[in-house]
Amino acid sequence: MLRTVLIFCVLAAASVLIPFAYQSNPEMFDSQSNSAAEAKRATEPQLKLAAVPDKPPLQQPLGRKVLVAADARGHFTTSFKLNGRQVDGLIDTGATLVAINTSTARRIGFSLNQADFNQQVNTANGVIKAAVVSIDRLQIGKITVEDIQAVVLDDRALRTNLIGMSFLQRLGKYQVENGTLLLVQ
């Protein structure tokens, strides 16, 4: 009987003291439980299971690539080089061709006269006259494409140069994800 009372008292004291000790020093208990778990793992056979991610990671392409972040309006504006000259513009998947204004055309070496504007093109602002040219080289970062068909429009009709599908379709890949445009050559 005395033995039973003694065991009961020890259990009662432990039930009071263990929570008190844990509140005053939880790191001691965590390290004890971690070491016990590690000891158990050491005796168990090791199984290597493949982890399945929640979302597959974006495949990192081989070759040259450029990332262009969207601006506040959601447009992909960037600096690029046309025939070696620095130009600013907008990457536009809705544009069939690369489109530059007459000021940019002069800067990159085109000498056009009014007779060269003999093609009609449909724009967001209606039908206008354009000159068709071939740009020797268009470069965005590490990506370079040569001999690209483009149109030249009057400065009043086109304030921002556009990089259209005549450039994009010659890339290995282009995609938009999380507000960033990935270009891969």
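## The second largest pocket

Helix α3 (residues 102-107) gives the largest share of the lining of the second largest pocket, three residues. Helices here are DSSP runs of H or I with at least four residues, strands are runs of E with at least two, and both are numbered from the N terminus. The structure is a predicted model, in which local features need pLDDT of at least 70, side-chain atom pairs count only at pLDDT 80 or more, and totals for chains, interfaces and linings use all residues. Residues are numbered from 1 along each chain as its sequence is written, and side-chain values use heavy atoms, with hydrogens and water left out.

This pocket holds about 180 Å³ of space. A pocket is an open set of points on a 1 Å grid over the protein atoms alone, where a 1.4 Å probe fits, with protein on both sides within 12 Å along at least five of seven lines; lining residues have an atom within 4 Å of a point. Its volume is the space filled by probe spheres set on the points, which are joined across faces, edges and corners. Among the lining residues you will find Thr102, Ala105, Arg106, Phe110 and Arg156. By class, the lining has four nonpolar, two polar and four charged residues. Ala, Val, Leu, Ile, Met, Phe, Trp, Tyr, Cys and Pro count as nonpolar, Asp, Glu, Lys and Arg as charged, and the others, Gly among them, as polar.

## The largest pocket

The largest pocket has a volume of about 650 Å³. Of its 25 lining residues, Thr123, Ala124, Leu153, Leu158 and Leu162 are the closest to the centre. Two elements, β5 (119-123) and β7 (143-153), each give two or more residues to this lining, and β5 has the largest share with four. The lining divides into twelve nonpolar, nine polar and four charged residues.

## A three-stranded sheet

Now to an open sheet, where three strands follow the order β1-β10-β9 with antiparallel pairing; strands pair if DSSP finds at least two bridges between them. β1 (65-69) and β9 (173-177) are the edge strands, each pairing on one side only.

Five bridges join β1 to β10, with Val66 facing its bridge partner Leu183. β9 and β10 (residues 180-184) also pair over five bridges, and Lys173 stands opposite Val184 of β10.
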